[in-house]
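Work through each task before you turn to its solution.

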Amino acid sequence: TQAESEVLDQAQAPPAPSSAPTSVTLGLTIDQVVAILGQPKVVGDLGSKKTYFYGNMKVIFTDGKVTDIQ
């Protein structure tokens with residue numbers, strides 16, 4: 001039937017691209033990282049440089065953008 005055909009077409013179609021990133025990469029904003037990883041356990045604030053600590057991972061921001069991940 002028509003409905004079955006439409007369902008099959010949708011199931012075989014590639015997933016729609018998401019506008020939200022799912023992993024932390026260089027250049028993301030603080031808000032984007034918090035949306036992905038949640039609130040950090042500790043924040044180191046040195047003015048324009050901030051370090052967000054997540055367990056054994058550190059995300060370093062310079063001027064509000066990710067510049068390093070350790």
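**Exercise 1.** Determine which residues P40 touches, not counting those up to four places away in sequence, and whether P40 is buried or exposed.

Solution. Taking contact to mean heavy atoms within 4.5 Å, P40 touches Y52, F53 and Y54. Finally, P40 counts as buried because its relative accessibility is 15%, buried being under 20% relative accessible area, exposed over 50% and partly exposed in between (1.4 Å probe, protein chains only).

The model is predicted, with local features requiring pLDDT of at least 70 and side-chain atom pairs pLDDT 80 or more, while totals for chains, interfaces and linings use all residues. Residues are numbered from 1 along each chain as its sequence is written, and side-chain values use heavy atoms, leaving out hydrogens and water.

**Exercise 2.** Find how many aromatic pairs there are, and describe the geometry.

Solution. Rings of Phe, Tyr and Trp (its six-membered ring) pair if their centres lie within 6.5 Å, with planes under 30 degrees apart stacked, over 60 edge-to-face and the rest tilted. The count is 1 aromatic pair. Y52 and F61 form an edge-to-face pair, at 5.0 Å centre to centre and 70° between the planes; both Y52 and F61 are buried.
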